Amino acid sequence: MGAQKYFNEAGKLQITNAIRVAETNTSGEIRVHIEKHCNGDVLDRAAYIFEKLEMHKTELRNGVLFYLAVEDKKFAILGDGGINQKVADDFWETTKEVVIAKLKEGEYAEALADGIIMAGEQLKENFPYQKDDVNELSDEISFGK
């Protein structure tokens with residue numbers, strides 16, 4: 001069984017609901033990808049998944065990926081160029097620290113949901129919701145092996 005075994009239905013719902021809440025106030029797009037293992041550098045793997053999920057194709061280049069390799073205990077947040085130009089230099093690091101603290105407690109769904117809400121707040125400041133906004137990327141969790 002893959003990485004899904006670490007998340008019950010309530011946990012998956014908590015994460016997807018956090019994405020929906022975060023995206024309610026922003027035109028930004030948030031995705032979560034979870035897998036068991038990450039061979040090599042976590043940012044390289046996150047960048048690969050970012051491209052595989054076609055997150056770079058959002059109109060304003062304001063996608064954010066939360067990547068977690070559960071068994072290897074590797075986590076990364078990767079933002080597209082549009083948002084990285086606008087957020088503080090330490091924004092992703094600050095958010096990452098909050099998520100990692102809860103991951104260490106084994107609270108995977110809560111950790112990701114909290115980080116997603118933080119990212120949504122930052123996205124809201126820089127990419128406010130537009131009345132003609134379209135949900136460009138799926139809110140569902142992407143699971144790897």
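Modeller: One caution comes before the rest: the model is predicted.

Colleague: What makes the strands an open sheet, and in which order do they stand?

Modeller: There are 4 strands in the order β3-β2-β1-β4, and their pairing is mixed. At the edges stand β3 and β4 (142–143), each with a single partner strand, so one side of each is left without a neighbour in the sheet.

Colleague: How do you know that β2 and β3 count as paired?

Modeller: Two strands pair if at least two bridges are found between them. β2 and β3 are joined by 6 bridges and run antiparallel. Within this pair, L65 stands opposite L78 of β3, and V64 has G79 of β3 as its bridge partner. The hairpin of β2 and β3 has 4 residues between the strands, and K73 there takes a positive phi near 55°.

Colleague: In what sense does β1 pair with β2, and over how many bridges?

Modeller: β1 and β2 pair in the parallel sense, over 7 bridges. The bridge partner of E35 in β2 is A69. On the other pairing, β1 and β4 are joined in the parallel sense by 2 bridges, which meets the requirement of at least two. There, H33 has S142 of β4 as its bridge partner.

Colleague: Why is β1 called largely enclosed?

Modeller: Buried means under 20% relative accessible area. For β1, 7 of the 7 residues are buried, so the strand is largely enclosed by the rest of the structure. E29, R31, H33 and E35 point one way from β1, while I30, V32 and I34 point the other way, and all are buried.

Colleague: Which helices pack on the sheet, and which strands do they touch?

Modeller: α1 packs on the sheet and touches β1 and β4, with its direction at about 160° to that of β1. Helix α2 (residues 42–52) also packs on the sheet, where it touches β1, β2 and β3; its direction makes about 50° with that of β3. Together, β1, α2 and β2 make a right-handed β-α-β unit.

Colleague: What makes a group of residues a nonpolar core?

Modeller: The members must be buried residues of the listed nonpolar kinds, joined through side-chain atoms within 4.5 Å. The largest such core has 30 residues, of which I15, I30, V32, I34, F66, L112 and I116 touch the most other members. At least two residues of this core come from each of α1 (9–24), β1 (29–35), β2 (63–69), β3 (74–79), α4 (91–104) and α5 (108–126). With 7 residues, α5 gives the most to this core. A second, separate core has 12 residues, including A46, M55, Y67 and A69.

Colleague: Which residues does I15 contact, leaving aside its neighbours within four places in sequence?

Modeller: On that basis, I15 is in contact with F7, V32, A109, L112, I116 and I141.

Colleague: How do you know whether F75 is buried or exposed?

Modeller: F75 has a relative accessibility of 5% and counts as buried, the limit being under 20%. F75 is found in strand β3. Apart from residues up to four places away in sequence, F75 touches V42, F66, Y67, L68, K96, V99, I100, L103 and L112. The C-alpha atoms of F75 and E97 are 10.0 Å apart, although these residues are 22 places apart along the chain.

Colleague: Why is Q122 called buried?

Modeller: The relative accessible area of Q122 is 16%, and the term applies under 20%; Q122 is therefore buried. Q122 lies in helix α5. Leaving aside neighbours within four places in sequence, Q122 is in contact with V87 and F91.

Colleague: What makes R20 partly exposed?

Modeller: Exposed means over 50%, buried under 20%, and partly exposed in between. At 36% relative accessibility, R20 therefore counts as partly exposed. R20 has its place in helix α1, and its contacts, leaving aside neighbours within four places in sequence, are with D139 and E140. From R20 to I30 the C-alpha distance is 8.9 Å, with the two residues 10 apart in sequence.

Colleague: Where does UniProt place the feature "domain: TPM"?

Modeller: The unreviewed UniProt entry places this feature at residues 5–118. That span is 49% helix and 18% strand, and its end C-alpha atoms lie 26 Å apart.

Notes. Residues are numbered from 1 along each chain as its sequence is written. This is a predicted model: local features need pLDDT of at least 70, side-chain atom pairs count only at pLDDT 80 or more; totals for chains, interfaces and linings use all residues. Side-chain values use heavy atoms; hydrogens and water are left out. Buried means under 20% relative accessible area, exposed over 50%, partly exposed in between (1.4 Å probe, protein chains only). Contact means heavy atoms within 4.5 Å. Axes are lines fitted to C-alpha atoms, for helices over the stretch in contact, and angles run from 0 to 180 degrees between N-to-C directions. A crossover is right-handed if, with the strands pointing away from the viewer, the path from the first strand over the helix to the second runs clockwise. UniProt positions are given in the numbering used here, feature names are shortened, and annotations may be inferred rather than shown by experiment.
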